[in-house]
Amino acid sequence: FSFSWQTTFQDGGEEVEDGAVYNVTLKKVQIQQAANKGARWLGGEGDQLPPEHTVRQYETSKIRAIKAGTLEKLVENLLTAFGDADFSYISIFLATYRAFASPRAVLELLLDRFGNLETSSHGELANLNSLESEMVLRAEIASVLRAWLDQCSEDFREPPDYMCLLKLLDYLKNNMPNSDMESRVQNLLKQFQNQEVEAVDGFCSTSSSGLVDGEELEISNPEEFSSFQDHVVAEQLTYMDVMLFRRVVPYHCLGSIWSQRDKKENKNLAPTIRATITQFNAVTKCVISTILGTRELKIQQRAKIIEKWINIAHECRILKNFSSLRAIISALQSNSIYRLKTTWMFVSKDVLLMYEELSEIFSDHDNYLTSRELLMKEATSKFANLDSSEKENQKKSQKRLQLQKNKGVMQGTVPYLGTFLTDLIMLDTALQDYVEGGLINFEKRRREFEVIAQIKLLQSSCNSYCLIPDQKFIQWFRRQRHLTEEESYKLSREAEAAADTNVLSPKSQKSMVKRISTLFLGTDVFTPPKEQPPKSSPVGGSSGESTDSASVSSCEFNHSENEDVCVTPVSSPEDPLKKSSVGSDKGYDSDKGSISSDKGCSSKGSISDPGSGSDSGSIPSRESVPGSAPRVLPVYNRQSEGSCIIRVSMDGLHDSVYKSILITNQDRIPDVTQRALLKHNLEPDAVEDYELVQVISEDKELVFPRDANVFYGMNSHVNFDFILRKKA
C-alpha cells in the first residue's frame, strides 16, 4: 500500500471556560491509500492511481490554544498544554510570565495547588485511579520544572534567602527523592550561594573602578591606538559584546519591564540590558575621544584615525557584530565628528565608499528594513554575506572573509539590541494587558515571544564565537577618558578652525550619510540646538534627503554624578554652547528611546517612529498561531481600525520626554489625560488640573475641550504629538 496525506487547518472559534478563553483550531488530515500492485494495469502512472481506485480517509483533531485566562488557569495550562496540542505554550509562558506574575506566585500555584494530590482538582486526572493520577501528575510537573530550570534558571537567583529554590528543593525531596532533578536543584543552589551577586561584568567597565590600582583615566595616545591592528580591535570589541549579549535575560527586554526603568525604585532594573547599553556607549565615546582627544594632530593624522575606525567597523561587519558596528558608525555620524569637513576631505575615496555602504545597513528607510533583513539572513549563517558595489572593497572583504573561513570556526551574530527593544515596547503599547473579565491577555504574550525567540536564537548563535581576550587592548580600552559633550564640541571647533581651509578647494564629494543616526534605544538623549551642516561637507545627506532633521545620540539614562553624558552638541558655531543637565534631556521618549527634534515632534527616522515611511509599523510580522487571525496593530502617526498611538509630553516638568499612549475612537479627554499622567508617574487623580494640546506647528496648537473625543478631534495630517499642560 502507498500513503499520502494533506493537512488543512480550520478556525474552530472559541471555547470559554470558567477563568479562561481558548482559541480552537481544527486540524484535518486527508489520507489517501492505494495498492501499488497492478497500478499500471489500472491506468495509473507510477504510484498514482485514478481517483476511483484511491481510498480517502479523514482524521480531524482539535488544537486548543489559551487566549486569555486567570493566573491560576495559565499555570494549570502548563500541565495540559501538550494534551491540547499547544506545544509551544510552556516556552512562551516561561519567557513572558514576569510581565504579570512573580516566580514565587507561579511556583506556589504549581506546587501547592496542582502538586498536592489531595487537593488537586486537575480535570484531566479526574477519571484516573489514584496511582495513575499520581504518576501522570508527577511526570507533568517534572516536565514543567525541567523546562523552567533549562530555560530560565536565573528566575531562582534570589539572594540571600533563595526562597523559591528552597521551596522547590523541599517539594522534590518529598515527592521525587534522590531524583536527578533534586541533585540538579541542589547544585544550582550551591552555585548561586558561592557566587557573588553580579553587577554586570567588570571587564567592560569604563569607570575608574574597573582599573588596576594606581591607573588613571587618560586621553588616548594616537600612537598606542594605531599599534592595534584593525581586526584585533574588532575581535576584542566583539568579544566584549558577545560576553554581555549572552548574559542578557530575555524577559528584561519586555516592554512592560524595560519601560519602568526610569522609576526611582527601579534603578537596578534590567541590569543585563543596561550593561549592553553601557558597552555600546563606551565604544562610541572611545571613537570620538581617539579622533578629537589630541589637539596636536595634523589634519592628515586625524583623517587616518577616522579611516582606521571605518576599517574596524568593516571588520565588525565581517564578524557579524552589528552592535559595535552601529556604535562606530553612530560616533562617526555624531556632530562633533560630522562637522570636520576639512578632515573628511583627506579620507580616501575607497574608505569613504566603504563607510557609505556600512552606513546604509542602518538606514531608517521602511522601518530599518535593511538591518532587519540582514540580521535575520545572517542570524544562523556560518559567515557574513558580504557584498560591495566597489571592487576594491569587495576584494578586501572576500580576502578577510576567506581568512575567517580558513580558521574553520563558525561565527555567531551579535545584534543591535535596540531593534528588539523598540518592537517589544511597541507591542506593549499597542496591546492590552487584560481583556474582558479581568483575564490576562495571553495573545499579547504570544506576540512578544516571537521577538524574544529571535533574541534567544541569536544568543545561542553566539556560542559559535571562539575569541580570546587581549588584555593589552582591554586595559587600553578601560583607561580611556571619554570627552564630555562640551569638550568634544569645543575640540571639534578648534580642530576645524586650525585647519587651513585653503589647502583644498571645495570639491563635490559623494554623499555618505542619510542622517545622523540615533545611538541606542532605551537611553537618555540630549539634543541641543542644531547646526546647519555646511553645504560643502563631505558627509552630507544622500538620496536627496537632508540631514538638517538629523538626530543625535545617547548615553545610559541613569548616570551617576561623575558620569558624563555621551552626546555630541550640535550648536551653531556662532552660538555658545549652553551647559545642559541630564534632567532636561531633549527629545527622549523614555518608553521607547526615540528621539525628537522639536517640542513634542519626532525627528525623521527616530528609532521608535513606526509611522515613518512604513505601512507595517515597527511590529514584526506575526507568525501564524493556530486559531487566531492576524490583526493590524495601531501605530504612531496613522489612524487604523479605530485606534492609533500618540506621543504625550509634560509641559514644564518633563518638557521633551514623551510617552506613547494607545487611544481608540472611544477615548475622551479624561481617559487619555489619566493614562498620560500614569505613564509619567504622576497622580492620576489630578485629571481636572490639566488640559491636552496637540502640537500643530511651532506657533500653532490645538486645545481640546474637556469632554472631546481625542481620536476624532485630533488633526490627523500632522504628527500625533501632544502636550499635557497644567491649567492656568
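Modeller: The answers below concern a predicted model.

Colleague: How many helices and strands does the chain have?

Modeller: The chain has 23 helices and 14 strands. Of its 728 residues, 55% are buried.

Colleague: Which residues touch the most other members of the largest nonpolar core?

Modeller: They are Phe-93, Leu-145 and Trp-309, in a core of 134 residues. Helix 10, residues 271–292, supplies the largest share of this core, with 10 residues.

Colleague: What is Phe-93 in contact with, leaving aside its neighbours within four places in sequence?

Modeller: Its contacts are Leu-74, Val-75, Leu-78, Phe-100, Val-106 and Phe-442. There is also a second, separate core of 23 residues, which includes Val-672, Leu-692, Phe-711 and Phe-722.

Colleague: Turning to strands, what is the order in the open sheet of 5 strands?

Modeller: The order is 11-10-14-12-13, and the pairing is mixed. Strand 11 (658–664) and strand 13 (700–703) are at the edges with a single partner strand each, so one side of each has no neighbour in the sheet. From one strand to the next, the twist averages 40°.

Colleague: How do strand 12 and strand 13 run, parallel or antiparallel?

Modeller: They run antiparallel and are joined by 4 bridges. Val-693 stands opposite Val-703 in strand 13.

Colleague: Which strands does helix 22 lie across?

Modeller: Helix 22 (residues 669–679) lies across strand 10, strand 11, strand 12 and strand 14, at about 150° to strand 11.

Notes
Residues numbered from 1 in each chain as written. Predicted model: local features only at pLDDT ≥ 70, side-chain atom pairs only at ≥ 80, totals over all residues. Heavy atoms only, no water. Core = buried A, V, L, I, M, F, W, Y, C linked by side-chain atoms within 4.5 Å. Buried < 20%, exposed > 50% of the residue type's maximum accessible area, 1.4 Å probe, protein only. Helix = DSSP H or I, 4+ residues; strand = E, 2+ residues; numbered from the N terminus. Contact = heavy atoms within 4.5 Å. Pairing = 2+ DSSP bridges. Axes fitted to C-alpha atoms, helices over the stretch in contact; angles between N-to-C directions.
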